[in-house]
Amino acid sequence: MLTQDDAEAIAKKLDCTPDEGRSHKYYELFADDKLITRFGVRRASREKGHGHLPHELHITQKQCKDLSKCPLSKEEYFHILREKNYL
Amino acid sequence: MKGTEALPETVEWGGVTARRDLFREFLTPTHMNPPHQAFSQYDLSAWEPNSFSIVEMVQNLLSAGGAAVVVQQSASIEEHLRAVFGYTTRLDQLCKQVAGIDSKLEQVLKNLAELSALRRSFSVPIESLEPEPYEILRPFTAVVMEGEGEFEASVFDLSIFASGETEEEAIANLKGTLIDTVDRLNELPDARLGKGPLRQKNLLNKYIRRVEKG
């Protein structure tokens, strides 16, 4: 299960910008000063699920885990986004 | 005394000729103890006992009427034996069928278990964002799916996703994310939006509009 820690780790790895919404905290990913994607972090317990992350990041749950735990680099993630025509 | 000679094809007994294959079925050392005089010289132990009831019946016939009666009855007994073998064959077929059904049932149960493990999902129409000052221009539907210890709500076409511990929480979070996303995308000029967010902004503005109150 993806957690708040995963979301925070991904945000750090991708150098995301935090954005406080009225109901959630978000991280925004910019490339060449353009917003590429944004994903929400639940403010409650760190153990709460973040199953929405793969959808918002346009990758699979495993890739999300890999992005959080290291195997998938920022460059590789950008490569995936480019292949999916998000960049 | 047990005989040692192999049983010949036919045995003369009581003035009639009895076929070996029939006696082989009926007469056993166990059920003719001691074996009848006529067979005392033969090795009956090599014969395999068949149906107890048939042996018993033959014994009764022997006691009542001698070998002649046995021979007279042989035709019908043969029929009985064939019927028994027929039933055995049928029983084998039924056993195979039951085994087949058992295997299929096992597969069905396995499929059911897999189905129940699959994520449940249902649709929730989004018709209002009250009490937030937004109106829905076109009603749309969110899909809520049971995930790994949580519920995930999504409006796939609008690229809005959220999670919650319950279905209600997931929908509430989805509405919150929807509003936050509309606000944030409208805050940013189009020139600062990538392909995905720009498409999302244009689409969201067709579905949701902020209402100025007062």
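The area buried between chain B and chain A is about 2300 Å². Carbon and sulfur atoms give 44% of that area. Buried area here is the accessible area (1.4 Å probe) that two parts lose on being put together, summed over both. The structure is a predicted model, in which local features need pLDDT of at least 70, side-chain atom pairs count only at pLDDT 80 or more, and totals for chains, interfaces and linings use all residues. Residues are numbered from 1 along each chain as its sequence is written, chains are lettered from A and ligands numbered from 1 in the order in which they are written, and side-chain values use heavy atoms, with hydrogens and water left out.

Across the interface, 30 residues of chain B are in contact with 27 residues of chain A. Contact means heavy atoms within 4.5 Å. Three residues, B:Phe161, B:Asp180 and B:Arg192, supply 25% of the area that chain B buries against chain A.

Helices (H or I, at least four residues) and strands (E, at least two) are DSSP runs, numbered from the N terminus. A:Gly21 counts as buried because its relative accessibility is 18%. The cut-offs are under 20% relative accessible area for buried, over 50% for exposed, and partly exposed in between (1.4 Å probe, protein chains only). Leaving aside neighbours within four places in sequence, A:Gly21 is in contact with A:Tyr26, A:Arg43 and B:Asp180. A:Gly21 and A:Gly40 are 19 residues apart in sequence. In space they are 9.1 Å apart, C-alpha to C-alpha.

Two helices of chain A show a buried face. In helix H1 (residues 4–13), the buried residues are A:Gln4, A:Asp6, A:Ala7, A:Ile10 and A:Ala11. Seen down the axis of H1(A), they fall within an arc of 160°, so they line one face of the helix. The arc is that of the directions from the helix axis to the C-beta atoms. These buried residues pack against E2, strand E3 (34–41), helix H2 (53–57) and helix H3 (61–69) of chain A. A:Asp15 follows H1(A) and has a positive phi, near 55°.

In helix H4 (residues 74–83) of chain A, A:Tyr77, A:Phe78, A:Ile80 and A:Leu81 are buried. Their arc, seen down the axis of H4(A), is within 155°, so they line one face of the helix. The face turned away from this buried side carries the exposed residues A:Glu75 and A:Glu83. The buried residues of H4(A) pack against E2, E3, H2 and H3 of chain A. Just after H4(A), A:Asn85 takes a positive phi of about 70°.

Chain B has five helices and eight strands. Along the sequence, the pattern is β-β-α-α-α-β-β-β-β-β-α-α-β. Of its 214 residues, 34% count as buried. Among contacts in chain B with a separation of 6 or more, residues 24 or more positions apart account for 49%. Chain B exposes about 13100 Å², and carbon and sulfur atoms supply 54% of this. Accessible areas come from the Shrake-Rupley method with a 1.4 Å probe; for residues, only the protein chains shown count as cover.

The largest nonpolar core has 26 residues. Those with the most contacts inside it are B:Leu129, B:Phe140, B:Leu158, B:Leu178, B:Leu204 and B:Ile208. Such a core is a set of buried Ala, Val, Leu, Ile, Met, Phe, Trp, Tyr and Cys residues joined through side-chain atoms within 4.5 Å. The elements of chain B that give two or more residues to this core are strands E4 (134–136), E5 (140–146), E6 (151–155) and E7 (160–164), with helices H4 (167–187) and H5 (195–207). H4(B) gives the largest share, seven residues. A second, separate core of 22 residues includes A:Ala7, A:Cys16, A:Ile59 and A:Ile80.

B:Glu167 is placed in helix H4 of chain B. At 22% relative accessibility, B:Glu167 counts as partly exposed. Beyond neighbours within four places in sequence, B:Glu167 is in contact with B:Arg120, B:Phe122, B:Val144 and B:Phe151.
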